[in-house]
Amino acid sequence: MATPISTIPKSVAKIRDALRATFRSGITRPIAWRQHQLYQLARMAHNERELICDALKKDLGKPKTEVLMAEVGCIIERSVKSAEQLPEWAKTEYPDVADWQKPWKPMIYKAPRGTALIISPWNYPMVLTFQPLIGAIAAGCTAVLKPSELVPTFSQLLEEIVPKYFDPNMYRVVNGAVPETSKLLELQWDHIFYTGNGRVARIIASAAAKHLTPLTLELGGKSPVIIDSAYDIDLAAKRILWGKCNNAGQICVAPDYVLVQRDKQDELVKAFRKHYNAFFPKGALDSPLFGSIVSDVHHKRLTSLLSRTKGEVVLQGRADVTRRRLEPTIVKDVADGDSLLEEELFGPILPIVPVDSLNEAVDFVNARSHPLVLYAFSDKESVKQQLVSETQSGGIAFNDTFQHLAVNELPFAGVGESGYGNQVMKYTYDTFTQLRSSIDMPKEAEPYLAIRYPPHSEEAVKALTATVYMPIPPSRL
Amino acid sequence: MSTFASTIPKIRDALQATFRSGLTRPLPWRQHQLYQLARMAQNERELICDALQKDLGKPKTEVLVSELGSIVERAVKSAKQLPEWAKTEYPDVPDRRKSWRPAIYKAPKGTVLIISPWNYPMVLSFQPLMGAIAAGCTAVLKPSELLPTFSQLLEEIVPKYLDPNAYRVVNGAVPETTKLLELQWDHIFYTGNGKVARIVASAAAKHLTPLTLELGGKSPVIIDSAYDIDLAAKRILWGKCNNAGQICVAPDYVLVQRDKQDELVNAFQKHYNAFFPKGALDSPLFGSIVSDSHYKRLTSLLSRTKGEVVLQGRTDAARRRLEPTIVKNVVDGDSLLEEEIFGPILPIVPVDSLQQAINFVNARSHPLVLYAFSENESLKQQLVSETQSGGIVFNDTFQQLAVSELPFTGVGESGYGYQFMKHTYDTFTQLRSSIDMPKGAEADLAKRYPPHSEEAVRALTAAVYKPIPASRL
C-alpha cells in the first residue's frame, strides 16, 4: 500500500532525516554492527523465502526455483560473504609513497558516504534491491529502499518483513509510484543507486544534479550475440536459449538479438528448436519453470512488436493474454529497421539477424548504443581480441550467456546508454564508500619543509622547481 | 578568441572518430603523448609563466613549483606506471570457476570533456588530461575564459605537442560552454564551483554522462589548544598565502579555543612578517586577485565583517592586490562565514570546546578538506569518525597535494570522483568484465537447464540453506 499522498512530503523528508540522524549518531560505524545487519539480511532472505516466492509468483509468475536460485540464494551467499570480507575492505589503506613523504603518514580512510537511496526494478526485485543494499550496509551507510510498484505484492511484503530484521531508522522501505518517487528525488541523498531504464535514469540524474548527488545507473539495452561460424552452433544455441529463457527474457543481460553468418542461420534455428524441446518437452506455456510477462502493458508491447516484424517467425511461441504468458519465439531474417530491433526486447523473443562477415556484425553492434553486455561465441583468440578492441559494452562474455553474473569477483557495470557505476561484492562496497585521504605532518618535518616558506632563497627555488627540469624519457613509438 | 560554436559538434565528432579508429589504444602511443605533455610544460614554461603573470599576477616561482613541476613529474610517472595500470586483471575466484577465465579489461571510456577553472589552470587542465591520455580516451579541454592570455596560449601550444586528432582546446565563455554541454560525452570532468557544477550535472543527465566534480567549500582548520600554536600558525598561513588564498584547499577559517585566540593572532603576525618582511602588497612572491569582480567581492566581505581585524592587509584596487588579512572574534552569521572565501582573508572563530568546533563544522556542508592541528590520537580519531570531508589533514595545510598516491576528491557539496595518478586513470577507464566459458564446462553446467531434476534443484538452490554465522555484537 502506497504512503497516502497528502502525507508524502512530510513523511518522506522525515524518513530521510531520521536515517541521516542515525548515520550521524555513528551507530553504523563498528564493523561488527554492520556484519550483524548483513547476517540479518541473509536471515530475512532465508526465513521469509516462502513468502518471497509466493509474492513473486503472484506478481510475476516467476518460477519458485528461479527465485530461490537467482534471487534468494544469491542474496544469502553475498550477504554472508560480504560480512566475511568486510574487515578487509574497510581497512585503512597505507599507500606506498616516496621515502621523503613516508614520515607524513599518508593514508586512505574508508568513509561511508551517508544516507543512500536505492531504487529497484520489478524483474529481479530481490537481487536488485538487496545487492545494492548489501554494499550500503557494508559501507556503513543508512538507506531507503524504493522497490517497484509493478510488483505490488512483493513491495508490500518488503514493507512488512524488512522492519522485522532491520531498524527502520537505519534501513527503510518506501513504497509508491511516480508521486512518491518524485518526492524522494526532491531530497538530497549521499548516493542514489538506480536500476532500470534509460528514460527514468535521465529523470533521476536530473534530480540528482540539483543536489550534486553521485549516482550509479544500472541500465540495459540490446545485448547482442555474435556467433562465429566456426563455433559449435548447437552448443551456442543451447547456451543462448538458456540465457533467453531466464525470467522469460526479462533481464537486463538477456541475449537480445543474434548476429550469425547467413549460411548458418537455418542450422542455428534447428538447434534452437531442438534445445527448446529439450528444455520444455510440453512447451513453455504452462511450464512452472518458465516465467510470465510482468504486466498487460508489457505483454501487449511484446505481441505488438512481433506483429510488426518483417522477419520470418521460425519458432512460434504460443501466447495467453490472461495469464500474460508468451513462449520463446524465434524470428529469422530480421533486417536493420525491423520492429524487433527498435528497443530492448525484455521478453522471450529472439530475432536473428543474418550477416555476411564478422566485420558486418561488429559494425552492426557499433552503430548502436553501447550494450550492457556483448556476447560472442568463438574459439578464435583473434576474433575475441578484435571484439575487445573494437567494441564497447559493460561486459563482454564469450561462449555463454548470463552465467558471468555468478562470478562474485567481477564488477558489473554499464557504459554509455547502459549506465555507469560498478556493483557486486567489494565493488558495491566501494560505490557507497568515499576514499578519504589523510596525512599527519610531524613537527620534526619542519626542517625539510623550510624551503617552502617565503622568502625563497635561490637554493630553495632551485629545490622547489627541480621537477620542472627533470629529464623526460624518449618516446618509443 | 572563442571557438565558433558551430564547429564544436564537429570537433567532438572528429575526436570520437579518432577514438573509434583505435589510434589511442597502443600503450607506447599513450606514453608518447604523456611525454609530449611533459615536454610542453617544460619547453613552454616561460610563455606559460608570462601568461599567468599577465592574467593572474601569479608569481613565477608558484607557477613553476605548484603547476609546471607537478605536470612534468606526474606525466612522466604516469607513462612509467601505465603498463601496470592497463594490465587486464585476473581476479582470484573459487576453483570451480577458474576454467571460466574471468578477466577485467581496462577499457577507455571514449571521448571526454575536461572543464578547468582559472586558479591553477595548468594543473587543473592537465592533471585530468593525463588520466584521460593514459586511459586511451580522446578529449576536449575547455580552459577558463577568466584567463584570456593563458587560454589563447593553450590553443597555440597544445597542438604543437599533442595530437590534435585526439586532444583539442576549445575556448569561449558561456555560449561555447553551453554548446559543449549540449553534446554527449563519455565522461565530463569539471573543476570549479557548486553553482556551475549543477548546470554541468544537469546537462550530463540528459546523456547519462558520468561525471567528476571537483568543487570547493569552506575548508575549516580546528586547532587543539595543546598543539604548538606557533607552528600551527606558520603552517596555516603558508597554506593561505598560496595563490593569495585562491585555491580549493585553502584553509578557509580557523576554530580555536577562545583563550588561545590572541596567542594565535600574535603567531600569525610574526610569521607574516617573516614571510613578507616588506609586506605582501608588492611582493613578487604573493599573487593577485583574479579579477575586479572577485576583488570587489573580497573587500566587500571584509567591509561587512563584525569581527575584529587584527592583521590589516593593505589593498590596491588597480593592481587587484590584497594582503593577507586576519580577523578575530568572528561569529556564526558573519559575512566571512557566508561563502567560500577564496582569497587572503582568514577569519578566526573562537570556540569553547572541541565539541563546539566539531558541531560548527558539521552544521555546514562537507568541505573539500578538514584541517586539524593536534597530537592527541583520540581527538584525531574523533574527527575521522564524527566529521565528513573530501580529505582530512593533520598538522599541516596544502601539503597533502604533493602525495601522488593519495586520491583527491570531495564529498557532498565539495563534489565526487577521484583524481591523481592511477585514480585519474581509473576515472577515465571502464572496468569491462569478461568470462570465456569452455566447452568442457558443459558437464558442470548441465543442471542449470530445464527441466530440473530434484537433484539439480537442490544443487542450484543450495545457497539458500547456507549456514549463516552467528552475529557477534
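Me: What should be kept in mind about the numbering and the model?
Reply: Residues are numbered from 1 along each chain as its sequence is written, while chains are lettered from A and ligands numbered from 1 in the order in which they are written. The model is predicted, with local features needing pLDDT of at least 70, side-chain atom pairs counting only at pLDDT 80 or more, and totals for chains, interfaces and linings using all residues, and side-chain values use heavy atoms, with hydrogens and water left out.

Me: What makes up the contact between chain B and chain A?
Reply: Contact means heavy atoms within 4.5 Å, and the contact takes 123 residues from chain B and 120 residues from chain A. The buried area, which is the accessible area (1.4 Å probe) that two parts lose on being put together, summed over both, is about 10300 Å² between chain B and chain A, with carbon and sulfur atoms giving 59% of that area.

Me: How many residue pairs are in polar contact across the interface of chain B and chain A?
Reply: There are 61 such residue pairs, both residues being at pLDDT 80 or more; a polar contact is a pair of N or O atoms within 3.5 Å, where within protein one must be able to donate a hydrogen and the other to accept it, and residues adjacent in sequence count only if both atoms are side-chain atoms. On the side of chain B that touches chain A, the largest share, 9 residues, comes from helix H4 (residues 60–86) of chain B, a helix here being a DSSP run of H or I with at least four residues and a strand a run of E with at least two, numbered from the N terminus.

Me: Why is B:Gln246 called buried?
Reply: Buried means under 20% relative accessible area, exposed over 50%, and partly exposed in between (1.4 Å probe, protein chains only). B:Gln246 has 1% relative accessibility and therefore counts as buried. The residue lies in the loop between helix H10 (229–241) and E8 of chain B, and the side chain of B:Gln246 reaches the backbone nitrogen of B:Val290 at 3.0 Å. Leaving aside neighbours within four places in sequence, the contacts of B:Gln246 include B:Trp118, B:Tyr120 and B:Phe342.

Me: What makes A:Pro348 buried?
Reply: A:Pro348 has 2% relative accessibility, and for this reason counts as buried. A:Pro348 is found in the loop between strand E12 (329–332) and strand E13 (349–355) of chain A. Not counting residues up to four places away in sequence, A:Pro348 touches, among others, A:Phe290, A:Ile293, A:Leu302 and A:Leu326.

Me: What makes strand E13 of chain B mostly covered?
Reply: In strand E13 (residues 345–351) of chain B, 7 of its 7 residues are buried. B:Ile345, B:Pro347, B:Val349 and B:Val351 point one way, and B:Leu346, B:Ile348 and B:Pro350 the other way. In a regular strand the side chains alternate between the two faces of the sheet. Strand E8 (residues 251–257) of chain B pairs with E13(B) in the parallel sense over 4 bridges, with B:Val254 opposite B:Ile348, and strand E12 (residues 325–328) of chain B runs parallel to E13(B), joined by 3 bridges.

Me: Why is one side of strand E4 and of strand E16 of chain A left without a neighbour in the sheet?
Reply: In chain A, 6 strands form an open sheet in the order E4-E3-E2-E5-E6-E16, with mixed pairing. Strand E4 (171–173) and strand E16 (419–420) of chain A stand at the edges, each with a single partner strand, so one side of each has no neighbour in the sheet. Strand E2 (residues 115–119) of chain A runs parallel to E3(A), joined by 5 bridges.

Technical notes. Two strands pair if DSSP finds at least two bridges between them.
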